[in-house]
Amino acid sequence: MTTTTATSPTVAPHRRPAVRRPSLLRLTGVELRKLVDTRAGLWLLITIGLLAAALVVVQLVWAPDADQTFANFFLPTLLPVGLLLPVLGILSVTAEWSQRTALTTFALVPRRGRVITAKLAAMVLAALASVLVSLGVAAAGTLVAGATGGAGTWRFEGSLLLHAVVVQVANVLMGAGFGLLLLNTPLAIVGYLLLPALWSILGGLIRHLEGPAGWLDTGRTMEPLFTPDVTAGQWARLGVSLLVWLVVPLVAGLVRTLRREVS
């Protein structure tokens with residue numbers, strides 16, 4: 001008697017679909033949301049906008065009618081933005097470590113370089129958006145000036161817009177460089193605000209440092225950007241100062257962040 005043994009058909013193992021890594025565009029969008037998700041970031045952005053508007057109001061009240069022009073409204077609004085927006089960039093970088101979210105972030109995106117690139121891209125976009133805000137505030141001030149007896153002149157050199165973009169992007173990347181280098185919010189903010197200012201003071205007090213200060217003091221090298229015409233020598237001085245205060249901290253901070261153990 002022959003016994004027939006039934007064999008079950010072979011079932012192919014279930015294959016999980018491959019998980020696609022998030023695109024750089026998506027990561028940048030996430031980092032942009034992070035800039036306003038925290039209470040500190042949101043209020044910092046609100047403060048920047050209010051300060052820019054307040055400067056325009058002050059000019060409308062106190063400046064002579066002939067000085068109430070679009071260019072004169074636009075340029076002063078760059079100052080509070082250039083000072084405070086880099087602090088937002090520092091918070092974006094250092095919050096991952098101070099709030100202990102770096103472990104989650106780098107677990108979801110193991111390639112840290114992609115995360116850092118997205119953060120830097122988000123900061124650059126924020127800087128570009130700040131220039132648009134300054135343009136909008138200046139336009140509102142010009143309309144009010146024209147309606148209330150001020151000059152209300154719209155004449156504006158296109159080079160000033162380019163210079164404004166360079167100033168804001170450079171400032172926010174300097175903040176990011178200090179954040180990546182120190183990975184500590186208070187230290188990075190103090191370092192970003194204090195060290196260049198201290199160098200500027202020393203350059204004015206010590207005669208032997210006056211020459212180098214002309215090349216390394218970002219306060220001096222960025223000053224020509226608030227005028228329509230910048231010479232080749234002035235661009236060279238700006239490049240040297242940004243090499244010291246932007247490129248070196250950014251590269252050193254990137255190396256440190258990529259190698260630091262996440263705990």
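In the predicted model described here, Val56 touches Phe73, Thr77, Val137 and Gly141, leaving aside residues up to four places away in sequence, where contact means heavy atoms within 4.5 Å. Val56 itself is found in helix α2 (residues 39-62); helices (H or I, at least four residues) and strands (E, at least two) are DSSP runs, numbered from the N terminus. With a relative accessibility of 5%, Val56 counts as buried, a term that stands for under 20% relative accessible area, whereas exposed stands for over 50% and partly exposed for values in between (1.4 Å probe, protein chains only). The C-alpha atoms of Val56 and Thr142 are separated by 9.1 Å, although these two residues are 86 residues apart along the chain.

Residues are numbered from 1 along each chain as its sequence is written, and side-chain values use heavy atoms, with hydrogens and water left out. Since this is a predicted model, local features need pLDDT of at least 70 and side-chain atom pairs count only at pLDDT 80 or more, while totals for chains, interfaces and linings use all residues.

The nonpolar interior was examined next. In soluble globular proteins, nonpolar side chains tend to be buried together. A nonpolar core is here a set of buried Ala, Val, Leu, Ile, Met, Phe, Trp, Tyr and Cys residues joined through side-chain atoms within 4.5 Å. The largest such core holds 44 residues, of which Leu85, Leu120, Met222 and Leu246 touch the most other members. Two or more residues are given to this core by each of the elements α1 (24-37), α2, α3, α4 (102-108), α5 (112-147), α6 (158-182), α7 (185-205) and α10 (232-259), and α6 gives the most, with nine residues. Leu246 touches Ala170, Leu173, Met174 and Ser241, again not counting residues up to four places away in sequence.

Aromatic side chains were then considered. A pair of aromatic rings is described by the distance of the centres and the angle of the planes. Rings of Phe, Tyr and Trp (its six-membered ring) pair if their centres lie within 6.5 Å, and planes under 30 degrees apart count as stacked, over 60 as edge-to-face and the rest as tilted. By this rule the count comes to six aromatic pairs. In one of them, the rings of Phe70 and Phe74 have their centres 6.4 Å apart and their planes at 5°, so the pair is stacked. Both residues lie in helix α3 (residues 70-98), where Phe70 and Phe74 are four residues apart, about one turn of the helix, and both Phe70 and Phe74 are buried. Together with Trp154 and Phe156, Phe70 and Phe74 form one aromatic cluster. An aromatic ring also takes part in a feature of another kind: Arg112 lies over the face of Phe106, at 4.9 Å from the ring centre, given that a charge sits over a ring if NZ of Lys or CZ of Arg is within 6 Å of the ring centre and within 35 degrees of the ring normal.

Helix α3 is also the place of Thr94, which counts as buried at 1% relative accessibility. A polar atom of the Thr94 side chain lies 2.8 Å from the backbone oxygen of Ile90. Not counting residues up to four places away in sequence, Thr94 touches Gly179, Leu183, Asn184, Thr185 and Ala188.

Charged side chains complete the description. A salt bridge is a side-chain nitrogen of Lys or Arg within 4 Å of a carboxyl oxygen of Asp or Glu, and by this rule the count comes to six salt bridges. One of them joins the side chains of Glu31 and Lys119 (2.9 Å, N to O), and this pair links distant parts of the chain, with Glu31 in helix α1 and Lys119 in helix α5, 88 residues apart. Glu31 counts as buried at 4% relative accessibility, and Lys119 is buried with a relative accessible area of 5%. Lys34 forms a salt bridge with Glu96, the closest N and O atoms being 2.8 Å apart; Lys34 lies in helix α1 and Glu96 in helix α3, so the pair ties together parts that are 62 residues apart in sequence. Whereas Lys34 counts as partly exposed at 30% relative accessibility, Glu96 counts as buried at 4%. Lys119 also forms a salt bridge with Glu96, with the closest N and O atoms 3.0 Å apart. Through salt bridges that share partners, Glu31, Lys34, Glu96 and Lys119 are joined into one network.

Technical notes:
A polar contact is a pair of N or O atoms within 3.5 Å; within protein, one must be able to donate a hydrogen and the other to accept it, and residues adjacent in sequence count only if both atoms are side-chain atoms.
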